[in-house]
Amino acid sequence: MNSYPLISIIIPVYNVEAYLTECLESLVNQTYTNLEIILINDGTKDNSAEICKLYAEKDKRIIFLEKENGGISSARNLGIDHANGEYISFVDSDDFIHHKYFEILVTNIENFDIIFCDSYKYYTDKPIESPVLSSFSIIEFTPKELLQQIWSFRIPLVIVPWAKLYKREIWNTLRYPVGRSHEDLAITPLYINNASKIKFIDIPLYYYRQNVVGSATYSTDIKKMKDYYLACQEQEIFFRSIGMLEEANKLSKMYKEHHIRKMMKMKDDSINPSFILNQNDLTFIKKIELVLKYLLTRISYTKKSSEK
């Protein structure tokens, strides 16, 4: 490995003018400098594009791409297509990173295919906690070991694309599903399975902003829930295809019950007693519980409607 390999950082940009400068400052001021910073304007409607252009004029490491709005998946895919680095990393444009983020990741990746670190949930009105850099624990995973913990290890750290450094080859045949929410759920098992060895360093170097106005993290709708259901179905199929039947069965029970409860709450007509009773992975008692929940929800909704 080159002692100072090029790292391609992919950052989709859409309506984040309030946070973008902090994100870009954390990138251009990294102690590790052999970076290719790929900014993708995904049809932003605020001043984010102008901020990107100003930074691109000042820093030759920045590549500024523009496209019609197509969502974060299409923006990330475009970034991957233009990446020249030996390694790839993703940063969300409303987040930021520790100034030694890439120095620490690239120094510790060694002969591993993916390295990831812990994250710090950052609230704008609270002070930043500085991590202790002098020592940290390391956990090594095979793909199967990490897949077994995909829903439990440092939630949601495994599922998200950020806080990670990937060998470029991991993404050679992979791209994000376009036009769907919960795109991370669909792609994560695939890139984990593409790796041979994965390393986790227990130090929070990625600052994950929590209180973002209009963030997808804090909004939901029926389409997003259906996309979640589809992504979980794909995960289940994938687990079965590689012989991880126990994990597939656990996942199936978890997401189906979660989906039914959420869609009932949103009063979606696709959820009804017949749909619930046809879910073979749910126990009979769980089916009866959900059917009763459905009936009580409908009765309450009908009562409220009649009182208006």
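Modeller: Buried means under 20% relative accessible area, exposed over 50%, and partly exposed in between, with a 1.4 Å probe and protein chains only. This is a predicted model, in which local features need pLDDT of at least 70, side-chain atom pairs count only at pLDDT 80 or more, and totals for chains, interfaces and linings use all residues. Residues are numbered from 1 along each chain as its sequence is written, and side-chain values use heavy atoms, leaving out hydrogens and water.

Biologist: Why is C23 called buried?

Modeller: The relative accessible area of C23 is 0%, and the limit is under 20%, so C23 is buried. C52 is also at 0% and therefore buried.

Biologist: Does R61 count as buried or exposed, and why?

Modeller: R61 has 19% relative accessibility, so R61 counts as buried. R61 is found in the loop between helix 2 (48–58) and strand 3 (62–67); helices (H or I, at least four residues) and strands (E, at least two) are DSSP runs numbered from the N terminus.

Biologist: What does L296 count as, and why?

Modeller: L296, in helix 10, has 59% relative accessibility and therefore counts as exposed.
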